[in-house]
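Reader: Could you walk me through this one, feature by feature? I'd like the general idea each time, then the case at hand.

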Amino acid sequence: MDPKQLIAKRVALEIKPRTLVNLGIGLPTLVASYVPRDVLIAFQSENGIIGMGIRPPEGLETPDLTDAGGGHVTALPGATALDSAESFGFIRGGHLDVTVLGGLQVDSGGRLANWMVPGKMVAGMGGAMDLVTGARRVIVAMTHTAKGESKFVETCTLPLTSLRPVSLVVTELAVIEPRPEGLVLIETAPGVSAQQVIDATACRLVVPTSVPEMPLAA
Amino acid sequence: MKRATRIAEAVEMIPDGATLMIGGFMAVGTPERLVAAIAGRGRRNLTVIANDSARPGLGVGRLISQKCVKRLIVSHIGTNPETQKQMLSGELEVELVPQGTLAERIRAGGYGLGGVLTPTGVGTLAAEGKRAIDIDGQTFLVELPLRADFALIRAAQSDYYGNLVYMLTARNFNPLMAMAATTVIAEADQIVPIGVLSPDQIQTSGVLVDILLERRSSDGSETADRETRRA
């Protein structure tokens with residue numbers, strides 16, 4: 001399976017009914033495809049909408065209705081539009097249940113760096129710092145390595161997004177949970193051994209004696 | 001009742017070196033006619049406060065491509081390689097602000113507050129040079145208000161008083177910026193008679209709007225003489 005689709009299918013299981021969810025641009029957006037349609041989940045986009053729906057049919061796009069990446073979306077019945085101060089009030093004020101973001105690095109303390117590579121790629125933090133600081137749960141959806149290098153590091157060398165540790169990291173190899181004792185390997189992807197995860201990870205992992213296989217959304 | 005101001009006249013009011021707040025998020029909710037006209041006039045040394053710099057040649061990106069901007073205060077530049085290029089070469093000074101903090105700094109500027117306290121950015125690069133305050137054991141950054149000489153606002157509808165209604169995700173920073181600038185210039189997709197918009201529906205009071213841009217002419221031109229068009 002494509003690594004990104006696999007990650008999205010695992011993250012989808014973290015999205016519970018009757019919650020307010022923010023999906024970041026890129027990989028996290030794929031998660032919406034695997035969340036059951038019959039449960040009440042509201043997707044929030046920080047550019048100012050609660051109740052965002054899927055991409056509209058071609059030719060029926062509304063120019064004034066997009067997600068945070070500028071892509072056309074729809075609004076579901078009961079959707080609400082917000083200005084930017086209200087939108088971030090939801091995020092910072094503890095009203096957002098889950099945010100799913102991409103990552104460049106996660107360190108042994110569970111801290112995320114995802115907005116800048118000094119001297120090279122300066123995207124800007126956009127809403128990421130507010131999301132990681134304020135959402136009730138922060139899930140990082142990222143590939144385990146980039147160009148052969150582990151994205152898990154002892155201490156982030158890239159600028160941090162927040163001091164707050166994230167809640168969960170899902171990669172194509174594993175599910176890793178930052179806990180007081182360190183990064184704990186809680187699941188491995190189908191066909192991946194705990195040793196393979198350890199080998200692909202450039203910081204200490206706490207590995208329980210038995211690590212279950214990652215379940216995936218249909 | 002407001003007079004419909006022609007775009008050339010509105011742009012003439014904006015001098016080189018002015019500080020502009022420009023509504024929009026990835027150009028959605030950005031007053032494109034105004035921004036295009038400013039870029040077309042080749043204004044220089046502007047300070048621009050906006051959510052992002054969109055893409056080259058689009059929204060705020062038009063001003064970047066034309067090198068109108070000296071200083072940019074935004075949350076995100078990742079979609080505009082031209083902004084990154086000018087920043088890395090030192091032509092353009094960029095202050096990156098977390099998006100929620102940017103919204104609150106603009107709100108503080110417009111609402112008469114001395115600043116806001118936010119937990120966002122504590123311990124990161126966003127905290128550099130800022131005061132931090134501990135309240136009941138939690139650390140907050142002191143974020144100072146932002147104001148501008150001009151706010152460039154885009155609305156879906158305006159009535160003759162300049163009362164504004166926004167549409168869906170095109171609202172974003174527009175109502176906040178309309179409170180935070182000395183002169184507010186509004187560009188509306190549609191202008192309707194007074195009374196069409198109900199008091200509960202109006203999102204920005206026309207009291208704030210100094211200049212209401214004339215409607216887009218039916219042939220799309222900006223400079224056609226009004227008398228000629230009427231004939």
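Author: What follows is a short tour, from whole chains down to single residues.

Author: Some ground rules. Residues are numbered from 1 along each chain as its sequence is written, and chains are lettered from A and ligands numbered from 1 in the order in which they are written. This is a predicted model, where local features need pLDDT of at least 70, side-chain atom pairs count only at pLDDT 80 or more, and totals for chains, interfaces and linings use all residues.

Reader: How many helices and strands does chain A have?

Author: Helices (H or I, at least four residues) and strands (E, at least two) are DSSP runs, numbered from the N terminus. Chain A comes out with four helices and 17 strands. Its radius of gyration is 17 Å, close to the 17 Å that the globule rule gives for 218 residues, so chain A is as compact as a globular protein of that length. That radius is taken over C-alpha atoms, and the rule is 2.2 Å times the number of residues to the power 0.38. The C-alpha trace of chain A spans about 50 × 40 × 30 Å along its principal axes.

Reader: And what does chain B look like on those counts?

Author: Chain B has seven helices and 12 strands. Its radius of gyration is 18 Å, close to the 17 Å from the globule rule for 231 residues, so chain B too is as compact as a globular protein of that length. Its C-alpha trace spans about 70 × 45 × 25 Å along the principal axes.

Reader: Which residues have the most contacts inside the largest nonpolar core?

Author: A nonpolar core is a set of buried Ala, Val, Leu, Ile, Met, Phe, Trp, Tyr and Cys residues joined through C-beta atoms within 7 Å. The largest has 126 residues, and Ala141(A) and Ala151(B) have the most contacts inside it. Leaving aside residues up to four places away in sequence, Ala151(B) touches Met21(B), Met177(B), Ala178(B), Ala180(B), Ala181(B) and Val184(B); contact means C-beta atoms, placed from the backbone, within 7 Å.

Reader: How many residues of each chain meet where A and B touch?

Author: By that contact rule, 36 residues of chain B are in contact with 31 residues of chain A. On the chain B side, α4 (81-88), α5 (99-111) and α6 each supply at least two residues, and α5(B) gives the most, with five.

Terms used
Contact = placed C-beta atoms within 7 Å. Buried ≥ 20, exposed ≤ 12 C-beta atoms within 10 Å, placed from the backbone.
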